[in-house]
Amino acid sequence: MRKKVIFITGASGEVGQALLKELAQEPGVQILTIDLHPMPPEMHGLSTHVEGDLLNARLLARLVSEYEMDVIFHLAALLSTRAEIQPEEAHQVNVEATLQLLKIAAEESQWRRRPVQFIFPSSIAAYGLPDRETKNHFQRVREFEWNQPRTMYGCNKLYCEMLGSYYSRYYRQLAAEQPPTIDFRSVRFPGLISAFTVPSGGTSDYAPEMLHAAAQGKPYSCFVREEARIPFMVMPDAVRALLMLAKAPRQHLTRQVYNVTSFSLSAAQIRDRVCAAFSGAQIRFEPDHKREAIVDSWPADIDDSAARMDWEWAPAYDVERAFSEYLIPNIKQRYAR
Ligand code: AKB
């Protein structure tokens, strides 16, 4: 008999670690994780961890023969800056691995005659505003607006949202009897900030980098100008959003892809909050115009009213709580050790 599991890909990454800590507290849950990298020592024992490549079809086939994947949190991805440096590799990881997993989930759903739930974190990178004037004009963007990404990562996320929707609604649509298929749900995240991990390869990374550098007494040179603005959310809210969406009754969902957000800040406003918490912080602005252009193509804010309406989404941390109760105390404690 195969073991029923929740399967998390990209589990050693920032969201993966935070999600695993939370899920592992639920009684009776068995978790299978996969990542190219090992889990940090403090996470050992929370899951059965496989160090391996999602693009390895034989490895995936072996996992499917041993485990029944009831829910899949597919987090593995190359983020936006890294994906611009290695666009074809990004396509393989972000799209081809997703396609493999969607197919596995669809076949599994047919076999057991019950949908496998497939939770997919997408991103504000799925949007692409053409210039700063347009961005200033359209301040809060809804899910179906400005879906013209200018990065490989954004294209990958937008396309995978569509693939998920295809697999959940139309897969094998010409078959005599349409078999049950997957239950695909996705959230579009803003920039994420964790007190415990530092991201790598993203373009919203300037916010967490500024904070973590200041806490360590290191100077930081910010790669976007002071006015650059995008929405953000702290990691506990990101995990909450994934879990709330997974638990939402299906009949309440009016769409498959939902914006979720918490607060929108310019880089200067983040700098001011960091300097207020760390009096010696040394932050300079030295824009890298190419990376900044990516940030400028992302909306200043996103409209998450559909998520609020359908599954009662609301962030637990607004900007005040995010800094004063989560980020600053935890980051101070982390580097004081
Ligand atoms: C990135 O910067 O690439 C990510 C994202 C906004 O999805 N953090």
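Student: By class, how many nonpolar, polar and charged residues does the lining of the largest pocket have?

Tutor: This is a predicted model, and its largest pocket is lined by 22 nonpolar, 18 polar and 7 charged residues.

Student: What volume does the largest pocket have, and which residues are the closest to its centre?

Tutor: The volume of the largest pocket is about 1100 Å³. The lining numbers 47 residues, of which Gly13, Leu75, Ala77, Leu78 and Leu79 lie closest to the centre.

Student: Which elements give two or more residues to that lining?

Tutor: They are helices H1 (14-23), H3 (80-85), H4 and H6, together with strands S2 (31-35), S5 (117-123) and S8 (191-193). Helix H1 supplies the largest share, 4 residues.

Student: Which residues of H4 and H6 meet, and how do they divide by class?

Tutor: From H4, the residues are Pro87, Ala90, His91, Asn94, Val95, Thr98, Leu99, Leu102, Lys103 and Ala106. Their partners in H6 are Met152, Tyr153, Asn156, Tyr159, Cys160, Leu163, Gly164 and Tyr167. The contact of H4 with H6 comprises 12 nonpolar, 5 polar and 1 charged residues.

Student: At what angle do H7 and H12 pack?

Tutor: Helix H7 (residues 206-215) packs against helix H12 (residues 319-336) at about 45°, with the axes 9 Å apart. That angle makes H7 oblique to H12. H7 passes H12 in a right-handed crossing.

Student: Which residues make the contact of H7 and H12?

Tutor: H7 contributes Leu211, His212 and Ala215, while H12 contributes Phe323, Leu327, Ile328, Ile331, Arg334 and Tyr335. By class, the contact of H7 with H12 has 7 nonpolar, 1 polar and 1 charged residues.

Terms used. Residues numbered from 1 in each chain as written. Predicted model: local features only at pLDDT ≥ 70, side-chain atom pairs only at ≥ 80, totals over all residues. Heavy atoms only, no water. Contact = heavy atoms within 4.5 Å. Nonpolar A, V, L, I, M, F, W, Y, C, P; charged D, E, K, R; others polar. 1 Å grid on protein atoms, 1.4 Å probe; cavity = no way out; pocket = protein on both sides within 12 Å on 5 of 7 lines; lining within 4 Å. Points joined across faces, edges and corners; volume = space filled by probe spheres on them. Axes fitted to C-alpha atoms, helices over the stretch in contact; angles between N-to-C directions. Parallel < 35°, antiparallel > 145°, perpendicular 65-115°, else oblique. Left-handed = near helix turned anticlockwise from the far one by under 90°.
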